[in-house]
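Me: Could you help me learn to read a protein structure? I'd like the general idea each time, then a real case.

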Amino acid sequence: MASDALKELQETLPEGVYRMVAELLPEKLSDSKAKEFAKKVADEYGGMKVEAGESVGLVAAESIGEPGTQMTLDTFHFAGVSEMNVTMGLPRIIEILDGRKKLTTPMMEIYLKKPYSEGQDIKKIALMIRETKLHDIATEFSINVADNRIEAQLDLAKMRELGINEAVLAKALKFSAKGVIVDVKGGTLVLKVKAKEGGVSDVFKLKEKLRESFVRGVRGVTQVLPVKKNNEYVILTFGSNLKKVMQYPFVDEARTTTNDIFEIEETLGIEAARQAVIDEVYKVIETQGLNVDIRHLMLVADVMSADGKVKGITRYGVVRDKSSVLARASFETPIKHIINASLYGEVDNLTSVVENVMLNQPVPVGTGLPKLVSKNK
Amino acid sequence: MSDVYLSGKFVGVVEDGEAFTSSLREERRRGVLSENVNIAFDQSSGEVNIEAAKGRLRRPLIVVRDGRPLLTPDHVDKLGRNELKWSDLVKQGIIEYLDAAEEENALVAFFEEELSPEHTHLELTPLSMFGMVTSLVPYANFNSAQKVNTGSKNQKQAIGFYASNYPIRIDMDVNLLHNPHMPVVKSVMHDISEYEKHPAGQNLVVAVMSYKGYNMEDAIIINRGSIDRGMGRGSYYRPMISEELRYSGGLVDEVCIPAKDVKGFKSEKDYRFLEEDGIIYPEAQVKEGDVVIGKTSPPRFLSSMEQYSLSAETRRESSAAMKHGEEGIVDFVLITESNEGNKLVQVKIRDQRIPEVGDKFSSRHGQKGVVGLIVPEADMPFTASGITPDLIFSPHSIPTRMTMAHLIELIAGKTGALAGRPVDGTVFDSEPEEMIRKELLSLGFRDNGLETVYNGETGEAFKVGIFVGDMYYLRLKHMVANKIHSRARGPIQLLTRQPTEGRAKEGGLRLGEMEKDTFVAHGAAMLLKERFDSDRTIVPVCESCGMIAIYDEFKRRSSCQVCGESVISFIEVSYAFKLILDEFKSLCLYPQLKLRTKY
């Protein structure tokens, strides 16, 4: 039976692979042909598997490291589109693999739900997401020394453009500017300092603080750029705040992403963060026109996220968790590791590669892996 | 109103800065002010800066007035007849030196034809934009700028006739070319610098073609016959120096043939060239290990006993001997005194260097290459007129480098050699290529330099014309004889017992961190272990305390210094690991080895 042989195949192959193979099958297949086919596919697939003792980690390191030497150190510029420029190339890869919390260029790609993704109110939405600060809509600030008042001239045209009316502004300032009585009246904003004792310099400091006070939008998103991508409108942002953006009803949560891996980990979980590491590194390698097998990146991402939280490949991240003292010491800051190991009486069982190289013993990889088993009499 | 600064210090204010500046300049040209003073007027700030400090870079230019240069043909004639000197022209204000600041106020014409009433100065010659060595590159204006630069760098590395008193000089590490030529294609700088007194290359017949792939990647092929006739032959000189140093306590070194009881005595054979005074004789053929200057020194540390019995046996050997891989002939011996008044012996060793595979050659256009093959003269390709090239140069070296001057020099050199005259290839002022081509044609050769060339081995004519010409080639100082290095077994470091590093110490080639990774990536565990076996040791380990124990060769018994008699096993580790355990112990850490059976 043709289906028997294929069923067997279906059980041995992963689902995705089987589906790919099944699609290529002709409609009618004789029994013997099916058997032959199943055997060939199984053999082929088996041959592709990593063998026991293969040093996958080192091969992954070399496979990412060697193309890395060819990468340019430039940052990538969106020529002509806007002033956005993104860290790409080697600095970006280092940033991801080091597991840095603060990115040099955090960015989001916001997808929208149906009517909006076709361009409805796209400008309005974009401006809604962008962080607006008081100094964006106020032109002139002056201090009234006698009454401890700060007066600001509002740019009404700009406010109309951004869709902010006086009530919204007053409400927003109540939250972001504490200790101040807010009064908005026809184009002028009057802020009265509650506490009387403050001197002129304090009022001045307060003024500077108020200039930066948050009015509307998503905190951290400093620039927005609506672009048309595959027949739909997508908003690219500079600055990232995934959690806040996802709360807007018009945002398509399923597709909206950020390049900040820690934000993904926080909002979507570790599995998503693992995938983000793979995607982000692959994106860089792709734009550089290099060719690295994605499985190497998957391995790296697995190592980085294995503990349930994203860890960089640094002495504070993945390397710290190594069980072998000698392996840790051979990476960076050897003295620290050796001294701590002696304080805690750590034992190194010489189970991985570096320790055995240090002792000039066969490394437990490849031909060094098989051992002779003997019975003690 | 303009502020006036003298050497950076404010000195006063003038009404009209520009007029003040030009009147000062006139006075300088009349000789009232020193010619070393430069005056600059800064248009933007309206400041006048008068500079008289030393250390400014300045360059000479011809002064131009009303669009006419002050230097007339009459002056040039007088210069030629030696009735006028350069300094006279400077004194008369015909030529003046400008610094960077004053240059900002000047409008300099490159050629006389360009002159307009606005111009203030005229360039002496386009050559003045190049340095001494760069001016020696012929037809350099046809080359890519980068190659002009490398070409001049290569000339600095060329071996030649560096000093005419070379036989009595002691120089460190110098080369001498035996039969240097004056280049056929030269520039005026060759005359100015009296290049014929210190030439550094030879005119060779060069064919531009491939030869069995031995000249790929910039390699060159040379003719055995040419080498035998002395092409590129040179000498390498290296001095051996030894000084009779004085030590505290009135102890001194002594240049002599060391006695047999001296500590560190080499062997009778190593001292065989030394004469009674302990110094080698001239023209002795020395090889590695041979002592050139015999010397003994007092012991380094005086113990209480030795202080009273200063016999020869406590002295140590400190002769100067030929290093590993070195050989040569003693050229001359110099006995003199050092600055401190000590006896100083210097022996110059000479070694003939015949070009061999791996030696570096270069043209003057940055076209450097290494000898890839030396072909017997009989197998060399030859032209219809029976000429075999001295050198075969690969055509693939030309397109990407864009060294057009290399090709022009080949034609110009060919013409010059056939016509028996030097060709002027001065930058921007050279004999035009068309004229040279015409002359070459009139000499009975094809004007494009191509010739019918025959295969030296089969006698068949090549189906294409081969570009053959003459050009000046330089032998560069990088020779394989000074660089070749290999090792199987050899010296090790005292501390780590790993092989020494570097050619001078006959060291090993390091298999580094990344190279190690490739072994691991291939899963070649046993091969990796074998490669790292260079400092393999077998150490006794006490199984109860985990420390390194002691093995007494004499009693054939091992014991632990901590536990005394206990179970002691021998393990094989790298010595560097044993060393790091010792270092841990010195830090008061207790590294314990727990042993387990391997199987």
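Here is a walk through some features of this structure, one at a time.

Me: What should I know before I start?

Reply: This is a predicted model, where local features need pLDDT of at least 70, side-chain atom pairs count only at pLDDT 80 or more, and totals for chains, interfaces and linings use all residues. Residues are numbered from 1 along each chain as its sequence is written, chains are lettered from A and ligands numbered from 1 in the order in which they are written, and side-chain values use heavy atoms, with hydrogens and water left out.

Me: Okay, helices. How many residues does H11 of chain A have, and how far does it reach?

Reply: Helices (H or I, at least four residues) and strands (E, at least two) are DSSP runs, numbered from the N terminus. The expected span of a helix is 1.5 Å times one less than its number of residues. H11 of chain A covers residues 200-211, so 12 residues, and spans 17 Å from first C-alpha to last, close to the expected 16 Å.

Me: Which residues of H11(A) are buried?

Reply: Buried means under 20% relative accessible area, exposed means over 50%, and partly exposed is in between (1.4 Å probe, protein chains only). In H11(A), the buried ones are A:Val203, A:Leu206, A:Lys207 and A:Leu210. They sit on the same side of H11(A), because they cover an arc of only 105 degrees around the axis. That arc is taken from the directions from the helix axis to the C-beta atoms.

Me: Why would residues a few places apart point the same way?

Reply: An α-helix has 3.6 residues a turn, so residues three or four places apart point the same way.

Me: And what is on the other face of H11(A), and what does the buried side pack against?

Reply: The face turned away from the buried side carries the exposed residues A:Lys205 and A:Lys209. Contact means heavy atoms within 4.5 Å. The buried residues of H11(A) pack against several elements of chain A, including helix H8 (134-137) and strand S5 (138-144).

Me: Let me try H15 of chain A. Which of its residues are buried?

Reply: They are A:His296, A:Leu297, A:Val300, A:Ala301, A:Met304 and A:Ser305. Looking down the axis of H15(A), these buried residues fall within an arc of 155 degrees, so they line one face of the helix. Their packing partners are helix H4 (56-70), helix H5 (89-97) and H14 of chain A. H15 itself (residues 294-305) has 12 residues and reaches 16 Å, close to the 16 Å expected.

Me: Now rings. How many aromatic pairs are there?

Reply: Rings of Phe, Tyr and Trp (its six-membered ring) pair if their centres lie within 6.5 Å; planes under 30 degrees apart are stacked, over 60 edge-to-face, and the rest tilted. The whole structure has 14 such pairs over all chains. One of them, B:Phe382 with B:Tyr454, is stacked, at 5.4 Å centre to centre and 20 degrees between the planes. This pair links distant parts of the chain, 72 residues apart: B:Phe382 is in strand S27 (residues 382-383) and B:Tyr454 in strand S31 (residues 453-454) of chain B. B:Phe382 is partly exposed at 29%, and B:Tyr454 is partly exposed at 25%. Elsewhere, ring pairs join B:Phe110, B:Phe111, B:Phe130 and B:Phe428 into a cluster.

Me: Where does B:Lys348 lie?

Reply: A charge sits over a ring if NZ of Lys or CZ of Arg is within 6 Å of the ring centre and within 35 degrees of the ring normal. B:Lys348 lies over the face of B:Tyr237, 4.7 Å from the ring centre. B:Arg497 lies over the face of B:Tyr575, at 4.0 Å.

Me: Is B:Glu102 buried or exposed?

Reply: B:Glu102 is buried, with a relative accessible area of 2%. B:Glu102 sits in helix H4 (residues 100-103) of chain B. Leaving aside neighbours within four places in sequence, its contacts include B:Arg25, B:Arg28 and B:Glu96.

Me: Last one: how is chain B divided into domains?

Reply: Domain bounds come from an automatic or database domain assignment. Chain B has domain 1 (2-124), domain 2 (135-165 + 176-232 + 357-475) and domain 3 (235-353). The C-alpha centres of domain 2 and domain 3 of chain B lie 46 Å apart, and their contact takes four residues from each.
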